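Morning, everyone. I have one structure to walk through today. Have a look at it first, please.

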Amino acid sequence: QVQLVESGGGLVQAGDSLRLSCAASGRTINSFVMGWFRRQVPGKEREFVTAISRSGDTTYYADSVKGRFTVSRDGAKNTITLQMNSLRSEDTAVYYCAAARMLGIAYKMTLDPGSYDYWGQGTQVTVSS
């Protein structure tokens with residue numbers, strides 16, 4: 001079992017930056033492909049934001065955040081972070097951290113929320129324009 005806890009959300013203005021963290025406990029995150037998803041509308045499917053391989057060498061980003069968001073992982077601290085720059089109103093969402101036992105880091109699999117085995121509770125990010 002892995003417990004994931006997100007933090008760092010808040011209310012910011014368009015153009016600002018925010019840094020989200022996801023702290024894991026129970027097992028080392030080195031065992032998992034890690035991802036960030038977001039839900040912009042309650043009841044809507046979670047949208048892929050980014051994923052990072054176990055080694056950190058491979059990352060994928062949604063087109064909507066590419067060039068603005070950066071994902072990283074710290075095995076020693078058992079955390080992953082999402083640095084979000086140049087925030088836009090359309091980035092407003094609840095952001096979720098997720099862990100997947102998937103073998104490798106096949107791009108299509110990382111897009112699918114069903115590929116992930118563990119989820120955090122989410123942290124709200126609100127960007128005012």
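This is a predicted model: local features need pLDDT of at least 70, side-chain atom pairs count only at pLDDT 80 or more; totals for chains, interfaces and linings use all residues.

I'll go through the fold, the overall dimensions, the core and then the surface.

Start with the fold. The protein has 11 strands and one helix.

Next, dimensions. Along the principal axes, the C-alpha atoms fill a box of roughly 40 × 30 × 30 Å. The radius of gyration is 13 Å. A compact globule of 129 residues would be near 14 Å, so the protein agrees with that expectation.

Now contacts. Take those with a separation of 6 or more: 61% of them join residues 24 or more positions apart.

On to the inside. Of the 129 residues, 43% are buried. The largest nonpolar core holds 38 residues. Which of them touch the most other members? They are Leu4, Met34, Trp36, Leu82, Met84 and Tyr95. Several strands each supply at least two residues of this core: β3, β4, β5, β7, β8, β9 and β11. The largest share comes from β9, at residues 93-100, which gives six residues. As a general point, nonpolar side chains in soluble globular proteins tend to be buried together.

Last, the surface and the charges. The protein exposes about 6,300 Å², and carbon and sulfur atoms supply 48% of that. There are 14 positive side chains and 11 negative ones. How far apart are the centres of the two sets? They lie 3 Å apart.

That's the tour. Over to you.

Key
Residues are numbered from 1 along each chain as its sequence is written. Side-chain values use heavy atoms; hydrogens and water are left out. Helices (H or I, at least four residues) and strands (E, at least two) are DSSP runs, numbered from the N terminus. The radius of gyration is taken over C-alpha atoms; the globule rule is 2.2 Å times the number of residues to the power 0.38. Buried means under 20% relative accessible area, exposed over 50%, partly exposed in between (1.4 Å probe, protein chains only). Contact means heavy atoms within 4.5 Å. Accessible areas come from the Shrake-Rupley method with a 1.4 Å probe; for residues, only the protein chains shown count as cover. Lys and Arg count as positive and Asp and Glu as negative; His and the chain ends are not counted. The place of a charge is taken as NZ of Lys, CZ of Arg, CG of Asp or CD of Glu. A nonpolar core is a set of buried Ala, Val, Leu, Ile, Met, Phe, Trp, Tyr and Cys residues joined through side-chain atoms within 4.5 Å.
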